[in-house]
Amino acid sequence: MSTSSLSKAQQSQEPKRHLGFIDIVFLSMGSQAPFLSILTYGVEAFIIAGFLAPIAIILGTLLVLLNGFVVYELSKRFTKAGGYYTYAFYSLTKRLGFETGWLYVLYSTTYGVAYIFGTTYIIYHVLGVNPWIVGLGLLSVASLFAIMGIKISTKYAILTSLLEISIMTILAIVFLSSTGYHLYNPLSFHVSLGTLAYAILFGSSIPTGYGAITPVSGEAKDAKKTISRAIITVILLGGLLAAFDIYAIGDHLLFYKISASRADILHLIENRFGLITFIFVLFAAINDGILGSLGFIIATSRTIFAMSYTNLLPKVFSKFESYKGPTNAVILSVILYFMTSLFGLYFINNPFVAFGVLGTIALFSSLFVHVAANFSLIKISIKKFRKRLFQIIIGIAAVIFSVFELVNSISSASPIEVYIFMSFIIIGFLTAETLSMIEEENEQEE
């Protein structure tokens, strides 16, 4: 076969289905960055809601689970690569499909980079290492794994995620045992509805690793069963484990009368439980920075691939190599991640502030993407109203919950976060409209 023929074959090749249930679950758990989520999103929830934070995380998990049921149903109907973009593209319209894909790329990029800044803050705060070195170093490692291919990435995710889950479970038990298992009642603490909604927003970001599952549907074995089961497994495992850890930390802080807003969790672990425990925890945080960004680089690239495959992005990004993935889409994703990281490092001096800004934008984008998925489920179910009444109810409930959370959270966010999010929505709609006009003109000329 000639070089040009080989190139064309790779250009049109569809993904091979070689990922099993375990691969998908632990790649998703890696994307969730479980321990780093506690040290970043969990701490943010604690700062906002105080000792009510475990409840906020559980409510956030329910929000994610509600949206997860929607994606659970959609994943059984659409098994191609692209996830949320694919759902909107085939269920709603091309324009809404483009907008959903556009916002998903914003979500997955800012979410993945937020984890980079979360780890950067921890390493800088504890060891004093230059944030530029840490941030770009972690992203370079994650990018290398992504370029090497998804098979190698999933093997790394399985090994390290199992280790992290063990560390998190043991750490929670150690915190609880330090108080003699004197458990507190989080419901005895109260905050305003707006404050709780904002804490739920951060709590809901912890078990959203499943957001990286659906874009790789095209590479999953028996995708109808594998993807749907993995979604529910990851949401419950990640959300409940995080709530358990945050509760255990809160129990310790309350018992020893330590202010939740002033607590330094990493130094607290080092001082109370020794250097060995601290080293394991530090390893988990660093590893999560790599895993969290890696999982979402893969998800971003598969969304770009799907948009290219359906002619909404240049065809060059639809090139796919067996067991390695959409190489050009991966390279573009890596470039987007480095651009976002450089923006955060240059314009936002504090890595924790950068984490908060990017994390909030990611969460807004995630809620928008899920609203699109919710309407996709309603649209495909309405034709068989009686048979699919449950799916319609779930879709409507998810829309109401997501929109309520989005509106209340925007009211509590900083103006710059809202401006960036709204700007991307407007740019996405203008781009989708332009592409639609070009397509109509081409059809008229033909």
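Is Asn374 buried or exposed? Asn374 is buried, with a relative accessible area of 0%. That value falls under the 20% cut-off, so the residue counts as buried. The model is predicted. The protein chain holds 16 helices and 0 strands.

**Overall fold**

- The chain has 446 residues, for which a compact globule would have a radius of gyration near 22 Å. The protein chain has 21 Å, which agrees.
- Along its principal axes, the C-alpha trace spans about 75 × 50 × 40 Å.
- Of the 446 residues, 59% count as buried.
- The protein chain exposes about 18000 Å². Carbon and sulfur atoms supply 68% of that area.
- Take the contacts between residues at least 6 apart in sequence: 84% of them join residues at least 24 apart.

**Largest pocket**

- Five helices each supply at least two lining residues: H6 (94-127), H12 (275-309), H13 (327-347), H14 (351-381) and H16 (415-445).
- Which helix gives the most to this lining? H6 does, with 7 residues.
- By class, the lining has 17 nonpolar and 4 polar residues.

**Second largest pocket**

- The second largest pocket has a volume of about 290 Å³.
- Its lining consists of 14 residues. Nearest the centre lie Lys94, Leu312, Leu435, Ser436 and Glu439.
- H6 and H16 each supply at least two of the lining residues.
- The largest share comes from H16, at 7 residues.
- How many charged residues line the second largest pocket? There are 4, alongside 6 nonpolar and 4 polar residues.

**Asn374 and its surroundings**

- Asn374 is found in helix H14. Helix H14 also supplies at least two residues of the lining of the largest pocket.
- Leaving aside residues up to four places away in sequence, Asn374 touches Asn67, Val70, Gly395, Ala398, Val399 and Ser402.

**Helix H5 and Ser91**

- Helix H5 covers residues 84-91. Of its 8 residues, 7 are buried, so H5 is largely enclosed by the rest of the structure.
- The buried residues are Tyr84, Tyr85, Thr86, Tyr87, Ala88, Phe89 and Ser91.
- What covers the buried residues of H5? The cover includes helix H4 (53-77), H6, H12 and H14.
- Ser91 lies in H5. Ser91 has a relative accessible area of 4%, under the 20% cut-off, so it is buried.
- Ser91 touches Phe78, Ser376, Lys379 and Ile380, again not counting residues up to four places away in sequence.
- Ser91 and Leu187 are 96 residues apart along the chain. Their C-alpha atoms are separated by 41 Å.

Conventions:
Residues numbered from 1 in each chain as written. Predicted model: local features only at pLDDT ≥ 70, side-chain atom pairs only at ≥ 80, totals over all residues. Heavy atoms only, no water. Helix = DSSP H or I, 4+ residues; strand = E, 2+ residues; numbered from the N terminus. Nonpolar A, V, L, I, M, F, W, Y, C, P; charged D, E, K, R; others polar. 1 Å grid on protein atoms, 1.4 Å probe; cavity = no way out; pocket = protein on both sides within 12 Å on 5 of 7 lines; lining within 4 Å. Points joined across faces, edges and corners; volume = space filled by probe spheres on them. Rg over C-alpha atoms; globule rule 2.2 N^0.38 Å. Buried < 20%, exposed > 50% of the residue type's maximum accessible area, 1.4 Å probe, protein only. Contact = heavy atoms within 4.5 Å. Areas by Shrake-Rupley, 256 points an atom, 1.4 Å probe, with all protein chains shown as cover.
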